[in-house]
Every structure is written in structure tokens, then in C-alpha cells.
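Happy to go through this one with you.

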Amino acid sequence: MLEKQQTVVKRMEKTQLLNRIKGKLIVSCQALEGEPLYGSHIMARMALAADEGGAVAIRANGMEDISAIKQATNLPIIGLVKRDYENSNVYITPTKREVDELLKVGVDVIAIDATKRERPNGESIEELISYIKEHNKFILADISTVDEGLYALKLGVDFVSTTLSGYTEYTKREEPGPDMELVERLVNVTNAPIFAEGRIGNPKEAKEMIQKGAHTVIVGSAITRPQYITKIFVDGLLD
Ligand SMILES: CC(=O)N[C@H](C=O)[C@@H](O)[C@H](O)[C@H](O)COP(=O)(O)O
């Protein structure tokens with residue numbers, strides 16, 4: 001009976017979260033070592049600013065940033081851990097080690113690289129997803145193709161995000177801007193919630209993603225990376 005009740009509670013929590021973010025903006029507050037705004041206290045202020053501006057959730061990287069952000073805002077957190085491994089190009093929550101760190105710090109959703117690429121230490125996407133599900137956590141699958149999204153859903157992830165379109169060897173593209181087509185194709189083949197993420201540069205593009213069927217939009221650099229925003233203006237003056 002207890003298991004059945006837990007399932008019902010999780011389903012209600014998922015519905016509440018989806019209703020809270022539907023058609024709204026999630027802000028990714030991330031800065032890696034070497035970026036001007038690197039530092040948990042800075043990312044916490046970024047998250048507070050995003051909250052004040054009307055963001056409905058925060059995407060954040062690493063235990064320190066997530067812990068600091070949780071002090072600054074009560075918004076739901078999509079957590080990930082970026083870590084490079086020698087024998088793999090997968091760096092967004094690549095293994096159980098990163099999942100354990102997110103379980104320790106506490107997040108609402110765990111974001112993982114769910115591309116078809118080789119994972120570090122021979123770990124498989126199947127075992128990573130079942131490990132997270134054993135811990136009763138919602139999963140956001142960061143993908144770069146429709147097939148990766150469908151496969152991740154088959155494995156039981158809760159949501160799919162177009163985060164890695166243009167970043168995998170087999171989806172590299174020169175033109176700037178978000179992958180509207182990937183969102184459109186995904187919403188046409190599944191009813192699962194599709195999050196539009198990656199290179200969304202302005203409110204018009206964000207709105208277009210929602211109109212194409214994305215459940216929510218996640219924007220990072222265009223809001224939280226001033227070095228990127230400055231370059232957009234500098235380049236714009238040269239046009
Ligand atoms: C490719 C990769 O590692 N993307 C990361 C995923 O967590 C973040 O660095 C992005 O900022 C985030 O996905 C939002 O995208 P954009 O910054 O383009 O709005």
C-alpha cells in the first residue's frame with residue numbers, strides 16, 4: 001500500500017511542478033571556473049535576480065552553487081553536475097557519482113546528459129536512469145536528437161530538454177539561435193513535456209518555442225552571462 005501511495009504522491013508533485021512552469025521561463029544560472037561570474041555567491045545573486053524577474057525555476061550546476069542558490073530563493077531547482085572525464089565527451093551529470101552529489105545537496109529535478117554518446121567508466125544511460133528513479137527523483141534528459149529524446153522517455157525520464165542540440169559531434173551546426181525544428185519534431189512525436197533549451201537569445205524566440213509546443217523554456221547565457229551579452233551588443237554595433 002505504501003508504494004502505491006508514494007506513486008500517487010509523486011504523480012501529484014509532478015503535476016504541480018508542470019503546472020507551475022507551463023509556458024513560463026526557467027533561468028539557468030551557471031558560470032564555470034574561468035568565467036567572469038564564477039562563484040557560488042554570484043550565482044546565488046543571479047538566481048535571486050531571476051526570481052525577482054519572474055523566473056519559475058532555476059537550473060544550476062554543482063553542489064556549492066546549488067546550496068548557495070537554495071539560500072537565496074525558494075524556486076524549484078533543476079540540478080546538474082558538470083564534470084569532465086577523460087574517456088568520454090559526456091559532462092552533464094555523467095555518472096552515479098554526480099547523482100549522489102545532487103541527492104546530497106537536494107534538488108527538485110536531476111538533469112542528465114541523455115545523448116547516445118559513450119559514458120565515463122563504462123556506465124550506461126539505462127543504469128544511471130534506474131539509479132535516479134530508485135531514489136525517487138524527477139529526471140530531465142538533456143538530448144540533441146529526437147531519437148535520444150524518445151529513448152530517454154522509454155527508459156522512464158520525466159521531461160526532455162533540447163539542451164545539447166548543436167553540441168554533440170553529430171548535431172554540430174553553424175547557424176546561431178535555438179533549434180526550433182527539434183522542439184517541433186519532438187512535440188509531434190510525444191506528449192511528454194518538452195523543455196526548449198539552448199541558445200535562446202531573446203523573448204521572441206522564447207515565445208516562439210512555447211507556441212511550437214514546448215512546455216517551458218530554459219534560458220542561460222542571454223540572461224546570466226554578461227560576457228556573452230556584451231559581445232551581442234558589440235557585434236550588433238558592427239552590423
Ligand atoms: C551546452 C551546455 O553545456 N549547456 C549547459 C547546460 O546546462 C548550460 O551551460 C547552458 O547555459 C544552458 O543549457 C542554457 O543554454 P543557453 O546558455 O544557450 O541559454
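Q: What makes strand E8 (216-219), helix H9 (221-224) and helix H10 (226-238) part of the story of the largest pocket?
A: Each of these elements supplies at least two residues of the lining of the largest pocket. A lining residue has an atom within 4 Å of a pocket point, and such points form an open set on a 1 Å grid over the protein atoms alone, where a 1.4 Å probe fits and protein lies on both sides within 12 Å along at least five of seven lines. Helices are DSSP runs of at least four residues and strands of at least two. This is a predicted model, in which local features need pLDDT of at least 70, side-chain atom pairs count only at pLDDT 80 or more, and totals for chains, interfaces and linings use all residues. Residues are numbered from 1 along each chain as its sequence is written, and side-chain values use heavy atoms, with hydrogens and water left out.

Q: Which residues are closest to the centre of the largest pocket?
A: About 610 Å³ of space lies in the largest pocket. Of its 24 lining residues, Lys82, Thr163, Tyr167, Ser221 and Arg225 are the closest to the centre.

Q: Why is the ligand said to sit in the largest pocket?
A: Sitting there means that more than half of a molecule's atoms lie within 2 Å of the grid points, and the ligand sits in the largest pocket.

How values were computed: Grid points are joined across faces, edges and corners, and a volume is the space filled by probe spheres set on the points.
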